[in-house]
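Here is a short briefing on one protein model. The points are grouped by topic.

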Amino acid sequence: MITTLFTFENLHRAWLDCRRHKRGKTAALAFEANAEEELFDLASELAGRTYRPRPSFCFVARNDKYREVFAAQFRDRVVHHLLVRELEKNWEPVFIHDSYACRKEKGTHAAVQRLQKFMRQATANDTRRAWFAQLDIRSFFPSIDRRLLLDLVHARIHSEELQWLAEVLILHDPTIEPLLTCSHKKWVKILPGKSLFSVPPGKGLPIGNLTSQFFANVYLNPLDQFIKHDLKAKYYIRYVDDLILVHKDRYILEAWRNRIEEFLRNRLLLEMHPVRRIIRPVSNGADYVGYVVRPSHLLIRRRIVNRCKAAIAGQSKVILHKETEKLVIFFPPDVYQQMYATIQSYFGLFLHASSKSLCDSMFAHRPLLRLLFQRWGFIIRKRWVFPGKPANLKTQYGFFRRHFRGVILFQVGKYFELFDRDAIWSEKNLGMKRIPARFRFYARCGVYRARRQELINRLTAAQQNVLVVAQSDRPLGHMKNRMGVTFVFNLFDVSQ
């Protein structure tokens, strides 16, 4: 059978797209180890029409709510990329401009900026009153009719190969023998009607696949066309199943809402959410894709701010260890990186809103953040990791010395050493023996790494604050990489 789509070259391109930003994942590495053989097998199965998706990994994830996720196996995700890339050629010219999500340059920030522009236009730069209607579809992904979706897809493609592959993936039931990767107890937390295990046969697309995100735009495209061409709504935005219309007349929005509800029920077999169908003044702000959108500025949704604070508080409990007379802050590289990634991700979100005061207050009321990180506006840097590549050991040590006024235990090989003034103080007050100084240092003493905690206890008993700088096996230029991993304070003083 001659094929023009299911070739090794096309699958290789799809594989490169699929592994982008995921090359370090276990599944991606396992596939890459035998990539040539895997791609030839896939090409053979697709060309011979024997390909069938393998069981999906199924689990419950929590973001703002509990959601059931079906994650396809990596080889199936390669096929998803192949199909979506081909379908985009047919569907992108058809989609309206203001349909967002799973489209190039059509992410959350683009949607928010567009909505803000619509608000300014509808209010004539805040000189007149306008309203917005925010509508949501009830249990959207579990309610999609797979046969209706397939008809919509087939209507715009004429390739027999594409039609066959689209049918295989759309009509595939992921609830058949899935690989459950979390406890059965978590499914109790899934809201009624949100699980594919409880929907009627032929209903529902799994959350978690690239194809599902793309097919959501295909399925709701008739709604987009109806709103733009029949209702002639000038200011309309859709992000997946979250719809917003802006108009200067509230009664027109109410009429549109009723007609949209009727269209969803009769044409797409969907129901509008009974609660999330609000009409409010633009001046109130619209809670949309993580932001509270107003004509003049953006604010961060309160729920996201609370989630950020909760994440930082939870990680702080892991790092902080209070003892009778001292406070130990233990932040090994993996914990330090996790906290850094959390703050970076949230500050990346805050960057697009009017949230400078929010960021200021988060650092002002959390001494631990000021101790571990440096901040310039929305830019965060690790305070206790040497920036760049040090020229020598003295340069590396000097970086930590400039940032910390207590005693520094500096690991060099199997020893933790004290240099210069710390060595002289330890010789005088702790009776430690001086040893020949290293090049560019004038004094040195130290202990074998097994005696590190004993030395820390002696230093804290002498009312000294301590910073432990550990050495890793990863080289940094021609030297070993080192970073702070532990603070021991007699008093919680982060002014240093």
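The largest cavity in this predicted model has a volume of about 150 Å³. One cavity of 30 Å³ or more is counted.

**Largest cavity**
- The lining of the largest cavity is made up of 15 residues.
- H80, L169, H172, P206 and N209 are the lining residues closest to the centre of the largest cavity.
- Two helices, α4 (74-91) and α9 (210-230), each supply at least two residues of this lining.
- Helix α9 gives the most to the lining of the largest cavity, with three residues.
- By class, the lining of the largest cavity has seven nonpolar, six polar and two charged residues.

**Second largest pocket**
- The second largest pocket has a volume of about 870 Å³.
- Its lining holds 30 residues.
- Nearest the centre of the second largest pocket lie D17, C18, K22, H81 and L210.
- Two or more lining residues come from each of α1 (8-19), α2 (26-33), α4 and α9.
- Helix α4 gives the most to the lining of the second largest pocket, with eight residues.
- The lining of the second largest pocket divides into eleven nonpolar, seven polar and twelve charged residues.

**Seven-stranded sheet**
- Seven strands form an open sheet with mixed pairing.
- Their order is β12-β13-β20-β19-β16-β17-β18.
- The edge strands, β12 (320-322) and β18 (444-448), each pair on one side only.
- From one strand to the next, the twist averages 25 degrees.
- In general, strands of a sheet pair through backbone hydrogen bonds, either parallel or antiparallel.
- Within this sheet, β16 (residues 407-412) and β19 (residues 466-476) pair in the parallel sense.
- Four bridges join β16 and β19.
- In this pairing, V407 stands opposite V466 of β19.

**Cysteines**
- How many disulfides does the structure hold? The count is zero.
- The cysteine sulfur closest to that of C359 is in C308, at 8.3 Å, which is too far for a bond.
- The cut-off for a disulfide is 2.5 Å between the sulfur atoms.
- C359 is buried, at 0% relative accessible area.
- C445 also counts as buried, with a relative accessibility of 0%.

- Most residues other than glycine have a negative phi.
- R49 has a positive phi, near 60 degrees, and is not a glycine.
- R49 is placed in the loop between α3 (35-47) and β1 (57-62).
- Is R49 buried or exposed? R49 counts as buried, at 15% relative accessibility.
- V289 is not a glycine, yet its phi is positive, at about 40 degrees.
- The loop between β9 (286-288) and β10 (291-293) holds V289.
- V289 counts as buried because its relative accessibility is 18%, and buried means under 20%.

**I278 in β8**
- I278 has its place in strand β8 (residues 272-281).
- I278 is partly exposed, with a relative accessible area of 23%.
- Along the chain, I278 and N258 are 20 residues apart.
- The C-alpha atoms of I278 and N258 are separated by 12 Å.

Technical notes. Residues numbered from 1 in each chain as written. Predicted model: local features only at pLDDT ≥ 70, side-chain atom pairs only at ≥ 80, totals over all residues. Heavy atoms only, no water. 1 Å grid on protein atoms, 1.4 Å probe; cavity = no way out; pocket = protein on both sides within 12 Å on 5 of 7 lines; lining within 4 Å. Points joined across faces, edges and corners; volume = space filled by probe spheres on them. Nonpolar A, V, L, I, M, F, W, Y, C, P; charged D, E, K, R; others polar. Buried < 20%, exposed > 50% of the residue type's maximum accessible area, 1.4 Å probe, protein only. Pairing = 2+ DSSP bridges. Axes fitted to C-alpha atoms, helices over the stretch in contact; angles between N-to-C directions.
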